[in-house]
Amino acid sequence: MSSTPEPSAPSTDPPAFADLGLRPELLAALSALGYEEPTPIQREAIPPLLGGRDLLGQAATGTGKTAAFALPLLQRMPDDRPGGDPVALVLVPTRELAVQVSEAFHRYGKDLGTRVLPIYGGQPIGRQLRALDAGVDVVVATPGRALDHIARGTLRLGDLGTVVLDEADEMLDMGFAEDIEAILEHAPEQRQTVLFSATMPSRIDGMARAHLTDPVRILIAREQPVAGEAPRVRQSAYLVSRAHKPAALGRVLDVESPTAAIVFCRSREEVDRLTETMNGRGYRAEALHGGMSQEQRDRVMGRLRAGTADLLVATDVAARGLDVEQLSHVVNYDVPSAPESYVHRIGRVGRAGREGVAITLAEPREHRMLKTIERVTGQRITVDKIPTVADLRTRRLELTQAALRESLLEDDLEPFRAIVESLSDEFDLMEVALAAVRLAHEATLPGTADEEEEIPQVAVRPTREGRPGYEGRGDRRGGGRPRGAGTTQVFVGLGRRAGVRPQDLVGAITGETGVSGRDIGSIEIADRFSLVEVPVGVADAVIAGLRASTIKGRKATVRRDRDTDGGGERRYDGDRRERRDRSWQRP
Ligand code: AMP
């Protein structure tokens, strides 16, 4: 194992946050959060946004897009504010995102005293009224609720300097197009407009043309394999919620039993936290990040070399100069913010013809980023199920068996013969062997073995490109068609909020079209829309029938879902959309 600094070439070093022109208060906040360097989208977006340009950016969750627009917005806040009306409005598709984005503003802008308010449907309007009345600088809102407040005169857009449309494709999918148009009509013409979208279908292009002025365009490279980088690495990903990540990491490490592993985190803060957690769980983990002195880093590497540590938890920056020969596993604790960073990380294993393993723990909402990485690297990342407690037990027994076999083949067992002979006077030889295996097995178990908990599996909606982590409903139904084969999805612009249930959709379809209930596949009900899977051959009839009928007394927009009919993919946020299988329909 050796640690060789990479040849230093300052001119090609990626720019630091300080090089992007951010003010000291923001730099201090970023440093306190343990962000070591800007992500690619931040590098490209921050300077033009600081300069007041409009921007059209393709970026999915996980790329660091929130900071990319929030930091320039905070920096551009006017110093003396005459009134209390907001100077920036960020529109987002969901309440979860509204809360997340406001929290991000608070984190980055805590030394600037910026007043940020999330407003979304479902929250008591009175509280929002009082907060708006007291004066705010930035409003982060879902379009529907923003429009409510505009209509009441409680949200006044006359002072707006910047409007951000975040996850614009998602907002259009949720039927917010008209609301957004109406909101933008109330905003001053002289303003900065920023649009982020994970996909760039033509509707987004149209929106950008209508509302952005000479925008800077930042698009993620598509389908351009990273040249010359194809290490022999088995690549897999696990979908897991944030709360279960430490347990999932432990489980995966137990099952994989790496020789030595490096776990990549996004920030120093996370490195420290995870190192502590993993040590608490009985792993020998060492932290490595850019905030450590050279001496501290050398000590860590020494412990790894000496074999007194088996897990290195690091940021990209800290790991840049490292070359750890025995490394068998690279783990991405979060999805990296750009495909290039992924390639860089996994390039640390699979060297010199040895097989390496790269594992990514992704939150369901980061699923799209995995797809982007697959596309850019031209390599497949299989989405596996997190090993269950039963898988883990089986694997541990396998390891014990392998260790015993090795011992039988290699070790000098003579010193123990007397014990076996003496016990065999009293017990059957098989029983003696069983007791010995049990002791050997228990000796390998970590202290926490009895407390193993199942880690919940989370699903992602299948996209056109693959169906990770998803079991086709047809497989379970016997006689049913596996999902996707010859089927398409129909989008219906009414969902849970309109009280729509699966049976309402089935009723409308079978009542209007003569299509049998058996032919209808999975039904997903989201807040504002639903998706119904039907055989391609009857899709047009289903669409015509649904358009002609009413659902829950209302007319709905009905069309083919663009996921299954060309024109890009859509992220499935497991939190928000509820998937229903056919169990409700069985007799
Ligand atoms: P986003 O794509 O905006 O949802 O951000 C994804 C995650 O990355 C969030 O948890 C951020 O806190 C984190 N993050 C954003 N920028 C950076 C950075 N430059 N360094 C480390 N973490 C970051």
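Which residue in β5 does Ala88 stand opposite? The legends below take us there, step by step.

**View 1. Meet the sheet that runs β3-β4-β2-β5-β6-β1-β7.** This is a predicted model in which local features need pLDDT of at least 70, side-chain atom pairs count only at pLDDT 80 or more, and totals for chains, interfaces and linings use all residues. Residues are numbered from 1 along each chain as its sequence is written, and side-chain values use heavy atoms, leaving out hydrogens and water. The sheet is open, with 7 strands in parallel pairing. Strands (E, at least two residues) and helices (H or I, at least four) are DSSP runs numbered from the N terminus, and two strands pair if DSSP finds at least two bridges between them. β3 (116-119) and β7 (216-218) are at the edges with a single partner strand each, so one side of each lacks a neighbour in the sheet.

**View 2. Strands β2 and β5 pair side by side.** β2 (residues 88-91) and β5 (residues 162-165) are joined in the parallel sense over 4 bridges. Here is our opening residue: Ala88 stands opposite Thr162 in β5. Helix α3 (residues 65-75) packs on the sheet and touches β2, β5 and β6 (192-197). Touching, or contact, means heavy atoms within 4.5 Å.

**View 3. A second open sheet has 7 strands in the order β10-β11-β9-β12-β13-β8-β14.** Its pairing is parallel too. The edge strands, β10 (285-288) and β14 (382-384), each pair on one side only. Within this sheet, Ala261 has Leu311 in β11 as its bridge partner.

**View 4. Helices α10 and α11 pack together.** Their angle is about 55 degrees and their axes are 11 Å apart; axes are lines fitted to C-alpha atoms, for helices over the stretch in contact, and angles run from 0 to 180 degrees between N-to-C directions. The two helices are therefore oblique to each other, a word for angles that are not under 35 degrees (roughly parallel), over 145 (roughly antiparallel) or 65 to 115 (roughly perpendicular). Pro246, Leu249, Gly250 and Leu253 in α10 meet Leu274, Thr277 and Met278 in α11.

**View 5. Take care with residues 461-484.** Here pLDDT, the predictor's confidence in each residue from 0 to 100, stays under 50. Where pLDDT is low, the predicted coordinates should not be read in detail. The chain as a whole averages a pLDDT of 83.
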